[in-house]
Amino acid sequence: MKDVVGAPVVRADALAKVTGAVRYAADVPEPDAAHAALVTGTVARGRIVALDTAAAEAVPGVRLVITHRSPEAKLPPGGFLGAGEEFQSSVNPLASDEIHYMGQIVALVVADSVEAAEEAAHRVTAEYEPRPAHATLAEEMAGARLCEDLSIEVGDTERALAGAPFVVEAEYTTPAMHHNPIELYSTTAAWCDGVLTAHVPSQSVQSTRSALALMFGLPVGSVRVLSPYVGGGFGCKASVLWHTVLVAAAARSLGRPVKLIVPREQMFTVGSFRPQTRHRVRLGAARDGRLLGYEHHTWWQNSRADVLPLPGAESTARLYASPNISTREYVVPTDVNTPGFMRAPAEFPAAFALESALDELAEALGTDPLELRLRNEPARDPVTGLPFSSRSMEACRRRGAELFGWSRRDPRPGSMRDRDGLLIGWGCASSCYPVLRTPSRARVRLTAGGRAEVLVAAHDLGTGAYTVLAQIAAQELGLPVTGVTVRLGDSGLPAGPMSAGSMTTGSAGSAVRAAARAVRDRLPATGTVADPPGGVLEAEAAWAPPELDAEAARRGLDAEARGFAQAGAVSATHAMFSHGAQFVEVLVDPGTRRIRLGRMVGVFACGRIINPRTVRSQLAGGMIWGAGHALLEETQVDPALARFTNTDLGGYHIACNADIGEVTVETVDETDEVVNPLGAKGVGEIGVVGTAAAVANAVRHATGIRVRELPVLVDDVLPPR
């Protein structure tokens, strides 16, 4: 039998998705379900001084209105995800009359129909005692707090920069952004004989179960969370959102199931988002282009309630060989809902800053920007001196340049035009993403006729987990991939990883591999997979990163334990990262200055490729999203009202087919025996990391104008008067 691992297998759920057979969390029918609607606040900071629910309660069919005065809202505190617990924010929005940000939940209305719930929600009125509020970084920079434990100091960077023949110094900014997955937030909660069942689109059914058990004082075994399919998450469904708890509280109070679907506009404030960032980068180089010093200071927008440090420079500090490195990460409290993880949360903004600055340095040196990157390729991790578990960055750059035709680039800004007279700009950038791993269990069951079932409480966000986990089991058992069924997204299954940090395949896949091998090893010498003894052969196995101590590994493998156990990218022996190189062509109208994408090329090294078809989809999708970040995406803020203003898909612009030109993706064959038994690194997030910088660098090449803030707009590239 040919190898199944490494084959471009079509997604196991492809037909079910395109025919509409797949049921997402909001699709699950619950007999006699009531329907909920949220009421959100209209000031950014202050307190509620009057809340009138009488008109809402008078709407026919209304059964319950929960406010901060209601007994259903009296719940234990929530633990913040950034502190290793489960919640998107530590603040229960109905814990008191305090308003912490615009769009905070102030009431939950439950009625017999969706229409009645929405009508009643519109009839809830509130009066507030407002306080001054600020929702942007610029307004609150004076309150920045240094995260000292995230600082990096190698050598004497200040001295190196003072003596460097060439120095560039600049500031770069990225805006607030929102995930906007196709699938809206939703929760359907039902109680039966003291057991709570919740259907929630989730990237971690286990942590959702733990949080609900805590909120309602239940044994973990009395809660079941189901999320077999997720219609996109990108980080916004990795934490527990408070409306899920409130819906469960309403269902318990009413003694009937309750369903809530959160409308798009409210998703901008009842969940998380990518915060605004500001970066100050200084690069110093010798005359031959060798880096002498790299300084990177970053300011991250936070809420006042929670601190979410995002150490982006932990990755960018490892991109280039520099004997002197200094990084600082600051958090800036503002009056917004708590930010969270959004695809490559720390790496994308940090890479935009560094990769833009490196192009500025190349220009100062009169050096080709690709050549400058190649000249500074490190042999070992520049921060620790450790070897990389594998690093094929140079191969990515050279292959990408070949595919793109980089050698034909005229370095003079504005010198290249197409047949229609449009300005052509070519830019490049590097990408990297840490290899994160977490403990996981898996169970494999072999039945008569050569059928196998894989069970693990992991998730498929649309990334292809159902397919690649089936491939891993099929490879070990000697079965065709069509002979393997995978069950995911059920908190009652063996403990699996949170689907975040590009770690599902490496973590859950390693456990699946071990369980499948255990099944195979238990077959009698004369037996076959088509005829297991007794008709069924089953084994459960666990895998944990060897860097974790025994207690952390135990906690990570315990389905009832709270918190997360995760191994980082730098161990005592190796630095572990995925790498990539991206090349972008932009076309700029010399008159209107409209910017269009021509083509993009990305070449990536992500360890062993389990399925090149799903990998290409993830990498191309990341690049497309990164291009959208570069030219379109921005959550706009009204400083006067401290509120997000474009809270729908009419005002929040995302890339569509017409915005994206040709996209070419390749991977470099890479063997890595350190990261996990599969040798697989993450692919889900690295695609988005370098794209925006490559686009901005291409815009500079086309127009001669350097734009240091995202998104790059027509106004930014107007010629000087």
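Biologist: Which helices and strands each supply at least two residues of the lining of the second largest pocket?

Modeller: They are β1 (34-40), α3 (114-123), β6 (125-130), β13 (258-261), α8 (264-270) and β25 (643-644). Helices (H or I, at least four residues) and strands (E, at least two) are DSSP runs, numbered from the N terminus. This is a predicted model in which local features need pLDDT of at least 70 and side-chain atom pairs pLDDT 80 or more, while totals for chains, interfaces and linings use all residues. Residues are numbered from 1 along each chain as its sequence is written, and side-chain values use heavy atoms, with hydrogens and water left out.

Biologist: What makes a space a pocket, and what makes a residue part of its lining?

Modeller: On a 1 Å grid over the protein atoms alone, a pocket is an open set of points with protein on both sides within 12 Å along at least five of seven lines, and lining residues have an atom within 4 Å of a point. By that criterion 36 residues line the second largest pocket, with Leu38, Val39, Thr40, Pro263 and Gln266 nearest its centre. Strand β1 gives the largest share of this lining, 6 residues. The pocket holds about 760 Å³, a volume being the space filled by probe spheres set on grid points joined across faces, edges and corners.

Biologist: Why is the contact between Asp13 and Lys17 called a salt bridge?

Modeller: The term requires a side-chain nitrogen of Lys or Arg within 4 Å of a carboxyl oxygen of Asp or Glu. The N to O distance here is 3.3 Å, so the pair qualifies. A search of the whole structure finds 48 salt bridges.

Biologist: What does the salt bridge of Glu158 and Arg282 tie together?

Modeller: The side chains of Glu158 and Arg282 meet at 2.8 Å, N to O. Glu158 lies in helix α5 (residues 157-163) and Arg282 in strand β14 (residues 277-285), so the pair ties together parts that are 124 residues apart in sequence. Glu158 is partly exposed at 47%, and Arg282 is buried at 14%.

Biologist: Why is helix α6 (residues 205-215) described as mostly covered?

Modeller: Of its 11 residues, 10 fall under the 20% limit and are therefore buried. Among them are Val205, Arg209, Leu212 and Met215. Their cover includes β11 (195-199), β12 (223-226) and α7 (242-254).

Biologist: How do you know that strands β3 (residues 62-66) and β5 (residues 105-111) pair?

Modeller: Pairing needs at least two bridges found by DSSP. Strands β3 and β5 are joined by 4 bridges and run antiparallel, so they pair. Val65 stands opposite Val109 in β5.

Biologist: What makes a set of residues a nonpolar core?

Modeller: Its members are buried Ala, Val, Leu, Ile, Met, Phe, Trp, Tyr and Cys residues joined through side-chain atoms within 4.5 Å. The largest such set has 74 residues, of which Leu283, Leu361 and Val586 touch the most other members. Helix α10 (residues 347-365) gives the most to this core, with 10 residues. Contact means heavy atoms within 4.5 Å; residues touched by Leu361 include Phe166, Leu283 and Leu372. A second, separate core of 46 residues includes Leu64, Leu94, Leu260 and Val270.

Terms used
Buried means under 20% relative accessible area, exposed over 50%, partly exposed in between (1.4 Å probe, protein chains only). On a 1 Å grid over the protein atoms alone, a cavity is a set of points where a 1.4 Å probe fits but cannot get out, and a pocket is an open set with protein on both sides within 12 Å along at least five of seven lines; lining residues have an atom within 4 Å of a point. Lists of a residue's contacts leave out its neighbours within four places in sequence.
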